[in-house]
Structure formats: C-alpha cells, structure tokens
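Subject: Structure handover

Hello,

Please find the structure below. My notes on its sheets follow it.

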Amino acid sequence: MRAIQDLYRSPSRISWRLDSDTSSTRFRLKTGGASFEAEISAVFVRKSSFVHQEGWALDEATYVQAEKEAALLGWIWGLPCPVINRYPPELWFEPVESLEFWRGRIERFDLELVSTRSEQAAPSYAVVVIGSRVVWDQGAPSRLDSINDSLVRFAESLGLSYLEFRITDSMRKPQVAAVEPFPKNDGFCLSSRREIINELIGCLTSSKSAGPVRNASDSWF
Amino acid sequence: MVLVCGDPYEPVTAFLCSRLEVLKIDYRRLDLRAFRRGADLELNWVGGRPCGSISASDWRIEFEELTGVYFRNVELNESKEEGEKADGKGEAYPETDVRLAAVLNNLPCNVLNRPAATYSNRSKPYQALLIRRFGFKIPKTLVTNDPEAVASFFVECDEQLIFKSISGVRSTVRRMTRQDFGRLELLENCPAQFQEYVAGDNIRVHVVGERWFAVRIQCEAVDYRYAGEEGYALTMVPAVLPGDIAANCIRLSRELGLALSGIDLKETPSGEYYCFEVNTSPAFLFYESPARPVIADALAEFLAQREA
C-alpha cells in the first residue's frame, strides 16, 4: 500500500501513456525505484486540495489545480484495476453539497428529500453504500433498512461504489438530508468506521468489481 | 418556446438569438451573469422532474411551454469583484447556479447542453478514452510530470511532438523543439500533455441532434485558431465525411449526453481519422459562413422542435 497526497508533485513522477489501443503507467520516485501499472492492484481516490507552491499567483495556482485534476481523472479511468471511486466528470469537477441539485435523482429512486421541518425535529443517521453493501451508523433503527435498495441503485446510477448519505428518521418515511460523493465518515461511530474500512478493503482486494460501469442511459438524461 | 441561457453579449449566444429572430422562433433570453438578481425560479418536483416556471423582469415561461433550452456558460469569472478573487478561491471555469443546473439537468425537453454533460472536456485524456471506443484513432499521448519521460517520448516520436493543456482551460497547441528541453523541469510543478504530431487537414464536425456539419480547415499553423496571429493563411471549406465517420461522430456525441457538440478531427494523408476532443459548448460561429449559417439554423430548428 502506498499513500500519495499529490501524484503530480515531486518526488512523485508519473508517466501515463495512451494511444488508440493501449494505456500504461510508469510511476517512480525521484529518489529511485519505479513501478508499473501491472503492480497497481487497486486505487482508492480521495480528493484533497493540491499543494500550492508558495508565491504562486492565484491564476497560476488555479491553472495548476485544473491540470492536475484533469490528469488524475483521466488516469483513474484508464486503469484496468478496481478504483474507488471512478468519478463521473460532473462530480469530480464540481462536487455539490446542495440538496436541490440532487432532488430529481432522489425522487427518481423512490427516495424522499428532507423537509426543513422534519430536519429540525427528527434524528438523523449517517449511512454509506459500498458496492452493494449498505452500512448504517450504529444505533440507526432497523426500519431504515427499507430504503437500502434505493440507496444502492442511486449510487449505481452515478457509477459510484462508495457514497455517503445522511438520512433523517421522520415518522412518515426516511428522508435524505445529505448526499456526499466524497465520503468523510465523520458522522459514524468508531465501530461503524471499522466496518466501512473493512468493506472498502474487501472491495479493493477482491476480484469483484469496484465500480459499476455507467453508460449514457444511466446518466442524468 | 425556446429559452437561451447565456451571456447576451457573447458572440455565439448573440448570433443564435439573431437566427431565432430571423427564423421567427419565439424565445426568451436568460442572462446567466445576472441570474440571481434578474430572474427567478418557481420550482416543484414531481416524480423527479421539475415543474414550475422561470421568469425575468419582463417575461415568464412555464417549463411545460419549453420546446428546447440552449445553455452556454463559457465566460471566465472576469465579472467577479476583486475581493472575491483575492480570497484564494480562484475558479478555472464559470460557475452555474445550483438550482438552475438542477432544472436544466432534469427538464424533459431538449437542453443543449445539460450542465452535467458539459464537464467531460475538462479532462482531454478522459475524453480520449471514450473517443477511442468509437472507431477513431487518438494520437500517441503522454501525460506526465517527468522530464525524462518527455525526453524519451520526443525521440520516440521522431521529434514530432506537440504539447497542450490537459484540462479544458484554453491553451495554444505548440510544437515542441529541442529548445524546450530547458523548460522541462517546470513539469515538477504542473503536469502537461504531449502528443505525437499528426499531419493532415483539421476537420471540425458539429453535431446537432442527428445532423452533422463538417468543415475542412487547411492551415499550416499547428493551432489553426491562432493562425492569423502567427501570420498563417487559413482556408475553410465544407467537408464530406465517410458514412462510418459521420455515424461515429453522432454516436460519440450521444454517448457523452450531448445534443450539440463540436468534434475536432484530423484526416491524415493516408485517409485515417484521428479525433482530439469533443467540445461540449462549441463556438460554432467561427466555422459558419455568415451568408449561410447552417449550424445556427439547425440548432434553432432543433430547439424549436421543427422538422429539418
């Protein structure tokens, strides 16, 4: 396992080649030692702020970030191994927290969006979809499991195998209070977090697909 | 009724509006620069689809009246106040209001293009992976921050190499020479994209629904968009595409969720077709004949759902 904060920053040096038929990666550290795509068995993607060089003008830093994000998105889509997550471009480049953005999709998957009133009154629980598994934070009432299938289908429709939600437990029906394509897991207790980590490791190390393939018919349209 | 969302002073949007007027197609213009201040959404959701209306100071349209929406948000954030720029939150691309994006992504009528579909060309190599699935060749490409890898690639490509941005941020395509070797250390700060130079004629294809319009660009400049600035002549003539290439352009556009696209091809002297990228908000005006604006008219008719 190797954790790299910024693939495109020294001492990390990465070369991704592609042409009409092939795609290959060579990765090396400036200090020596190289590895190749065949040695990468799985990739877990976190989106963190890229490190900006001291003294860069804002437009330079913005350009560098746009280039690095573009390079990283292309690279993860070119890998043959499991990747969590292979983000669709619209989420990668503009992750949105606004529930309004998600409303149409939420309703299409038989889910309900939280109303301001129930948000204030009812308790809410963190839940995460990992592949076809749904992990609720410890203490969530079991009746909330009734929406598991909808949550999984929602994540699949985005091509994501790892997606976090916050669900409000209103008396009428569970309601979606947040959608987080870049899960933070900070709403989970320690034992639930362990379960999530174990599930993620399972997806990354097993031969089962770590990312449903999304095509145009599954997209927004 | 057609809704045009964009900057009314941006040339492509303004030209489309002028053609809608000539063709006597009813339309309303939504100025994206002033959306929050100058317009309003009344919005309910039923079964995952937006219901309601959009209005500005002097008009109001029910969503169900719409036959099509044109959406072009290409202006850089130059209108932002200096104070906003100085807060360290620079943006490479213009932002779209979240509520408006949600509506445009989910309206049942044609939207050219839905905001969610416009992001794919923010990563050219991401698009390249899709493009090659549709029968096109893509040039040998290297995306890297490794100076040594570029030096090797330069030799491998017989010193016929170009470099350009990886993202959708506009850059001038340039040919690499040995004089550029001294700058390769700059890659430590920012990766770049290098490609074998492909000789031939550039062909720009615009897809509008199921129709296509191709223009052959004959120019000696590496990046014909800047031919004038570099002192090169440029000639554009209508092009005829082989049936399979035209069909692949339409399929590729559809796969990307685009009802309108601008596809950059190159036909080599041996008749092979390379595809470089798919523009999701194409500036088609550059390729139009002012006397016979076929792309704008096709677009207007498509938005109005008139038979071609």
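Helices (H or I, at least four residues) and strands (E, at least two) are taken as DSSP runs and numbered from the N terminus, and two strands count as paired if DSSP finds at least two bridges between them. This is a predicted model, in which local features need pLDDT of at least 70 and side-chain atom pairs count only at pLDDT 80 or more, while totals for chains, interfaces and linings use all residues. Residues are numbered from 1 along each chain as its sequence is written, and chains are lettered from A and ligands numbered from 1 in the order in which they are written.

One open sheet has 7 strands in the order 3(A)-2(A)-1(A)-8(B)-11(B)-9(B)-10(B), with antiparallel pairing. Strand 3 (34-36) of chain A and strand 10 (174-175) of chain B are at the edges with a single partner strand each, so one side of each has no neighbour in the sheet. Helix 1 (residues 58-78) of chain A packs on this sheet, touching strand 1 (12-18) and strand 2 (23-29) of chain A and strand 8 of chain B. Contact here means C-beta atoms, placed from the backbone, within 7 Å. The direction of helix 1 of chain A makes about 60 degrees with that of strand 1 of chain A; axes are lines fitted to C-alpha atoms, for helices over the stretch in contact, and angles run from 0 to 180 degrees between N-to-C directions. Strand 8 (residues 141-144) of chain B pairs with strand 11 (residues 192-196) of chain B over 4 bridges, in the antiparallel sense.

The sheet in chain B

Another open sheet, of 5 strands, has the order 14-13-12-15-16 in chain B, again with antiparallel pairing. Its edges are strand 14 (234-238) and strand 16 (273-279) of chain B, each with a single partner strand, so one side of each is left without a neighbour in the sheet. From one strand to the next, the twist averages 25 degrees.

Strand 15 (residues 260-267) of chain B is joined to strand 16 of chain B by 6 bridges, and G262(B) has N279(B) in strand 16 as its bridge partner. Strand 12 of chain B is joined to strand 15 of chain B by 8 bridges and to strand 13 of chain B by 7 bridges. Strands 12 and 13 of chain B form a hairpin with 2 residues between them, and G209(B) in the turn has a positive phi of about 60 degrees.

Regards

Technical notes. Contact = placed C-beta atoms within 7 Å.
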